[in-house]
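Hi,

Here is the structure I promised to pass on.

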Amino acid sequence: MNAIPAPGAADSTLTPTSTVDPLTPPPGSGDAPPRVRRRRFSPGRVLAWIFMGAVILITLFPFYWMLRTALSTNAGLQANPASWLPSDFSWGAFKRVLGLASSEEAIAGGGAGTSLNFMRYLINSVVVATLVTVGQILFSAMAAYAFSRLRWPGRDKVFALFLGGLMVPAIFTLLPNFVLIKQLGLVDTLLGIALPTMFMTPFAVFFLRQFFMNVPAELEEAALLDGVSKTGIFFKVILPLSAAPLATLSVLTYITAWNDYFWPLMVSYTDSSRILTVALGVFRSQSPQSGTDWAGLMAATLIAALPMVVLFAAFAKRIINSIGFSGIK
């Protein structure tokens with residue numbers, strides 16, 4: 001007869017089971033490196049990258065062609081106009097523009113023999129662009145604060161009327177502004193160039209108003225409880241919180257003022273108030289009888305555009321984030 005096992009004997013023959021903590025990772029799992037999920041290249045993704053590369057090349061090509069022309073000689077450009085590389089590589093165009101070449105060297109290089117007072121025009125452009133930017137940002141911020149945070153009768157109607165200025169072409173205001181500047185005796189002065197756009201513009205007011213409306217009202221109420229006036233709230237609360245849109249608008253305004261041409265051409269007549277954009281036109285009109293000094297003109301244009309390219313590249317990310325109104329940090 002088979003012996004009957006004692007109670008619990010069968011349990012001793014079974015393999016013991018261990019208790020596993022669900023929060024504890026299995027042994028060796030922490031040593032394994034995480035798997036990197038590779039993106040598969042699809043035809044659509046390849047086409048998208050090709051399209052983006054083509055857009056970048058088309059955008060940068062004018063700057064390359066400008067640099068190629070500036071590093072060439074006028075004789076080389078006439079001999080090889082379709083060359084992708086500089087024809088007869090030379091720094092003569094930059095020397096003519098910066099006034100580092102003598103009249104004989106400038107005429108021999110295809111120039112008119114008259115140097116471009118580049119530093120004078122550069123200082124004038126910096127002064128005008130700075131006046132326009134500082135004044136427009138300050139006064140536009142004040143107007144935007146009044147339209148967004150202050151309560152007064154007819155506020156929305158006045159803002160709609162003010163916003164209608166965006167539909168008025170700028171050329172319609174040139175003659176009235178010129179008459180006003182002439183009556184003030186500011187013709188052929190830097191202040192006369194900057195004054196028409198130095199106070200505020202409908203776009204700047206609209207841009208800042210949209211951001212000011214997103215500022216929490218609790219911050220303003222807390223400042224009022226602390227005894228801060230409306231003016232103090234504007235300078236101590238609203239402006240510090242609006243650093244990003246103010247920086248964006250400053251860069252856009254500075255670039256616009258730097259590239260302005262027609263109004264400075266109407267107001268400035270001498271080198272004392274002439275800015276770079278107008279000076280480039282004067283430099284082109286001084287070309288010799290043999291033809292336009294394309295090498296010198298491209299060198300001057302490249303030098304004039306380089307500061308704005310660097311400025312926009314430095315603040316490109318902030319400009320994109322502010323235009324999207326990403327919120328207050």
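Which helix does Gln136 lie in? Gln136 lies in helix α6, residues 118-148. Before going on, a word on what you are looking at: this is a predicted model, where local features need pLDDT of at least 70 and side-chain atom pairs count only at pLDDT 80 or more, while totals for chains, interfaces and linings use all residues. Residues are numbered from 1 along each chain as its sequence is written, and side-chain values use heavy atoms, with hydrogens and water left out.

Now the overall picture. The chain has 17 helices and zero strands; helices (H or I, at least four residues) and strands (E, at least two) are DSSP runs, numbered from the N terminus. Of its 329 residues, 33% count as buried, where buried means under 20% relative accessible area, exposed over 50%, and partly exposed in between (1.4 Å probe, protein chains only). The chain exposes about 21,100 Å², and carbon and sulfur atoms supply 68% of that; the areas come from the Shrake-Rupley method with a 1.4 Å probe, and for residues only the protein chains shown count as cover. Among contacts (heavy atoms within 4.5 Å) with a separation of 6 or more, 69% are between residues 24 or more positions apart.

Back to Gln136. It is buried, because its relative accessible area is 6%. Leaving aside neighbours within four places in sequence, Gln136 is in contact with Ala141, Thr197, Met198, Phe199, Met200, Thr201, Ala204 and Thr253.

Gln136 also takes part in the packing of α6 on α13. These two helices pack at an angle of about 140°, with their axes 9 Å apart. Axes here are lines fitted to C-alpha atoms, for helices over the stretch in contact, and angles run from 0 to 180 degrees between N-to-C directions. So α6 and α13 are oblique to each other: angles under 35 degrees count as roughly parallel, over 145 as roughly antiparallel, 65 to 115 as roughly perpendicular and the rest as oblique. By class, the α6 and α13 contact divides into ten nonpolar, six polar and no charged residues. Nonpolar covers Ala, Val, Leu, Ile, Met, Phe, Trp, Tyr, Cys and Pro, charged covers Asp, Glu, Lys and Arg, and polar covers the others, Gly among them.

Helix α13 (residues 243-259) has another partner in α10 (residues 202-212): their axes come within 10 Å and cross at roughly 165°. That makes α10 roughly antiparallel to α13. α10 passes α13 in a right-handed crossing. Phe203, Ala204, Phe207, Leu208 and Phe211 of α10 meet Pro245, Leu246, Thr248 and Leu249 of α13, which gives eight nonpolar, one polar and no charged residues.

α10 also packs with α7 (residues 155-163), where the axes come within 9 Å and cross at roughly 135°. These two are therefore oblique to each other. Asp156, Phe159, Phe162 and Leu163 of α7 make the contact with Pro202, Val205, Phe206 and Arg209 of α10, and the residues divide into six nonpolar, no polar and two charged.

Arg209 in α10 is worth a click. Is it buried or exposed? Arg209 is buried, with a relative accessible area of 11%. Arg209 and Phe147 are 62 residues apart in sequence but 6.8 Å apart in space, C-alpha to C-alpha.

Elsewhere, Thr69 sits in helix α2 (residues 43-70) and counts as buried at 7% relative accessibility. Not counting residues up to four places away in sequence, Thr69 touches Leu77, Trp294, Ala295 and Met298.

Last, two backbone angles. Most residues other than glycine have a negative phi. Asp88, in the loop between α3 and α4, has a positive phi near 55°, and Asp188, in the loop between α8 and α9, has one of about 65°.

Cheers

Key:
Left-handed = near helix turned anticlockwise from the far one by under 90°.
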